[in-house]
Amino acid sequence: MKSFDFAKGSVVQEFGYDDDVNNSVRQQIETMTGQALVDEDYDDIADGAIAWWRAEDGDTDDLADLFLDVRDNLDSPASPVWLMIPGPQSEGHVRAAEIEEAADAAGLISTTTIPAGGWIAVRIAARGERR
């Protein structure tokens, strides 16, 4: 798996955790940062975030709301944010157009896409930022 751009010592907030998440992806991030992931109730500043999202979690408006919630606690607009969606052949897969529409509604853009252990990781960034 490719790096998620999280630095050693970074606090990474996790949204949408459930029994179906890929624990090896979670472990990779924790190893990379040297920190345990913090949950969505964490109320301090985070250096980055991951969010697990499945089609049954809601519509495009709900996803846009999630993006806004994710960005609320971040240290800066350039902080890495990764949306984890089920792979294309998996139940709960979300189409790229839905992600782009939700990101646009939240004033963000989707950039890099990488495989993440049966999931697809989509980097969500502030407008004007490309990776």
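This is a predicted model: local features need pLDDT of at least 70, side-chain atom pairs count only at pLDDT 80 or more; totals for chains, interfaces and linings use all residues.
**Reading a sheet and the helix across it**

Colleague: How many bridges join β4 to β5, and which way do the two strands run?

Modeller: The general idea is that strands of a sheet pair through backbone hydrogen bonds, either parallel or antiparallel. Here β4 and β5 run antiparallel and are joined by 7 bridges. The two strands form a hairpin with 2 residues between them, where Gly117 takes a positive phi near 60°.

Colleague: Which bridges should I look at on β3?

Modeller: β3 is joined to β5 by 6 bridges, and this pair is also antiparallel. Val81 has Ile124 of β5 as its bridge partner. Leu83, in turn, stands opposite Val122 in β5.

Colleague: In what order do the strands of the sheet lie?

Modeller: The order is β1-β2-β3-β5-β4, in an open sheet of 5 strands with mixed pairing. β1 and β4 are its edge strands, each pairing on one side only. On average, neighbouring strands are turned by 20° against each other, direction ignored.

Colleague: Is β5 mostly covered or mostly open?

Modeller: Mostly covered: 8 of the 8 residues of β5 are buried.

Colleague: Which helices lie across the sheet strands?

Modeller: α2 lies across β1, β2, β3, β4 and β5, and runs at about 145° to β3. α3 lies across β3, β4 and β5, at about 140° to β4.

Colleague: How do I read α2 itself, starting with what span it reaches?

Modeller: Compare its span with the expected one. α2 covers residues 60–72, which is 13 residues, and reaches 19 Å from its first C-alpha to its last, close to the 18 Å expected at 1.5 Å a residue.

Colleague: Which residues of α2 are buried, and why do they line one face?

Modeller: An α-helix has 3.6 residues a turn, so residues three or four places apart point the same way. The buried residues of α2 are Thr60, Leu63, Ala64, Leu66, Phe67, Val70 and Arg71. Seen down the axis of α2, they fall within an arc of 155°, so they line one face of the helix. The face turned away from that buried side carries the exposed residues Asp61 and Asp72.

Colleague: What do the buried residues of α2 pack against?

Modeller: They pack against β1, β2, β3, β4 and β5, and against α3.

Colleague: Is Arg71 buried or exposed?

Modeller: Check the relative accessible area against the cut-off: under 20% is buried. Arg71, in helix α2, has 16% and is therefore buried. Leaving aside neighbours within four places in sequence, the contacts of Arg71 are Ser76, Pro77, Ala78, Ser79, Val81, Leu108, Ile124 and Ala126. Two of these residues, Val81 and Ile124, are the bridge partners named above.

Colleague: Is Gln13 buried or exposed, by its relative accessibility?

Modeller: Gln13, found in strand β1, has 0% relative accessibility, so this residue counts as buried. A polar atom of the Gln13 side chain lies 3.2 Å from the backbone oxygen of Asp39.

Colleague: Which other residues is Gln13 in contact with, leaving aside its neighbours within four places in sequence?

Modeller: Besides Asp39, the contacts of Gln13 include Val38, Glu40, Asp41, Tyr42 and Ala46. Gly48, Ala49, Ile50 and Asn73 are also among them.

Key
Residues are numbered from 1 along each chain as its sequence is written. Side-chain values use heavy atoms; hydrogens and water are left out. Helices (H or I, at least four residues) and strands (E, at least two) are DSSP runs, numbered from the N terminus. The expected span of a helix is 1.5 Å times one less than its number of residues. Buried means under 20% relative accessible area, exposed over 50%, partly exposed in between (1.4 Å probe, protein chains only). The arc is that of the directions from the helix axis to the C-beta atoms. Contact means heavy atoms within 4.5 Å. Two strands pair if DSSP finds at least two bridges between them. Axes are lines fitted to C-alpha atoms, for helices over the stretch in contact, and angles run from 0 to 180 degrees between N-to-C directions. A polar contact is a pair of N or O atoms within 3.5 Å; within protein, one must be able to donate a hydrogen and the other to accept it, and residues adjacent in sequence count only if both atoms are side-chain atoms.
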